[in-house]
Amino acid sequence: MAVEMADRGRSSRRDFLRCALAAPAALALVTGGREALAAPQPAAAKGPFELPPLPYSFRALEPHIDARTMQIHHDRHHATYVSNLNGLAANTPELRGKSPEQLIRDLNSLPEAVRAGVRNNGGGHVNHTMFWQIMKPGGGGPPTGTIGQAINGTFNSFDAFKTAFNDAGTKRFGSGWVWLVHGKDGKLAITTTANQDNPLMEGAYPILGNDVWEHAYYLKYQNRRADYLAAWWNTVNWEVINRRLAQGRLQGQLQST
Ligand code: MN3
């Protein structure tokens, strides 16, 4: 749907704004909520899950990721996963009082009726929350600190790692994610998942991941996923990724004790 809107929006700022206004947050911001009754989406269920604000402006990652893509991606796609998850939680007490990470780590413990919904929308929420954090304006460059040593130790060089990661992301058929994970065996590995699945669902910890759904890149890169994957490295936030590596190692130690 984002693609259809983009095609229309390209020639008309008004059309684009109409698309953007479908996001409940943007709607409330621009109209003060007066048009809420006319919005095509049902009113978002309140809590317990929340859309985290972007930690930088929509245009902060340009030219690598354009502002319009960031706005639609965060305000519409991510917002929808959160809204859907809240909709499920409204009728399912088992989903309340847990973090989204806890929910997707143990899908089999959830009522079967909501399992697929939590997998898709809880996964989407966790994936995108990480995604915004592991990017920053002026990011990129070679990996620093412990993650730099770990990447060199596992893949021989940062260039070899990027090549293998980008190759895996290019080959992921359809929609999904490409990851660097801290595996159950304590080693770093490149994996991919379909749809909004997350490595936590398989007992691995995601150190970093790139979104290869078309909505993440189509407006700027069209079908050139490989170009998007290559440019994305100019946005990565190695400080945050180092913290995630420490967290993954800690979790691995806890699991093995
Ligand atoms: Mn996405």
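Is Asn156 buried or exposed? In this predicted model, numbered from 1 along each chain as its sequence is written, local features are reported only at pLDDT of at least 70 and side-chain atom pairs only at pLDDT 80 or more, whereas totals for chains, interfaces and linings use all residues. Side-chain values rest on heavy atoms, with hydrogens and water left out.

Asn156 is exposed, with a relative accessible area of 68%; buried denotes under 20% relative accessible area, exposed over 50%, and partly exposed the range in between, for a 1.4 Å probe and protein chains only. By this criterion, 48% of the 257 residues of the protein chain are buried.

The protein chain contains 11 helices and three strands, where helices (H or I, at least four residues) and strands (E, at least two) are DSSP runs numbered from the N terminus. Their order from the N terminus is α-α-α-α-α-α-α-α-β-β-β-α-α-α. Contacts, defined by heavy atoms within 4.5 Å, were considered between residues at least 6 apart in sequence, and 69% of them join residues at least 24 apart.

In the loop between helix H3 (24-31) and H4 lies Pro63, which is joined to Glu62 by a cis peptide bond with omega of about 5°.

Two packed helices are described by the angle between their axes and the distance between the axes. Helix H7 (residues 145-155) packs against helix H11 (residues 238-256) at an angle of about 70°, the axes being 7 Å apart. H7 is therefore roughly perpendicular to H11; angles of 65 to 115 degrees fall in this class, while those under 35 count as roughly parallel, those over 145 as roughly antiparallel and the rest as oblique. The axes are lines fitted to C-alpha atoms, for helices over the stretch in contact, and angles run from 0 to 180 degrees between N-to-C directions. H7 contributes Gly145, Thr146, Ile147, Ala150 and Ile151 to the contact, and H11 contributes Trp238, Ile241, Asn242, Leu245 and Arg249. These residues comprise six nonpolar, three polar and one charged. Here Ala, Val, Leu, Ile, Met, Phe, Trp, Tyr, Cys and Pro count as nonpolar, Asp, Glu, Lys and Arg as charged, and the others, Gly among them, as polar.

Within H7, Ile147 is buried at 0% relative accessibility. Beyond its neighbours within four places in sequence, Ile147 contacts Leu180, Ile207, Trp238, Ile241, Asn242 and Leu245. Trp179, in strand S1 (residues 176-182), is buried, with a relative accessible area of 0%. Its C-alpha atom is separated by 8.1 Å from that of Ala189, 10 residues away along the chain.

Most residues other than glycine have a negative phi. Asn156, in the loop between H7 and helix H8 (158-171), has a positive phi of about 80°. Asn195 also has a positive phi, near 55°. Asn195 occupies the loop between strand S2 (188-194) and strand S3 (205-211) and is partly exposed at 40% relative accessibility.
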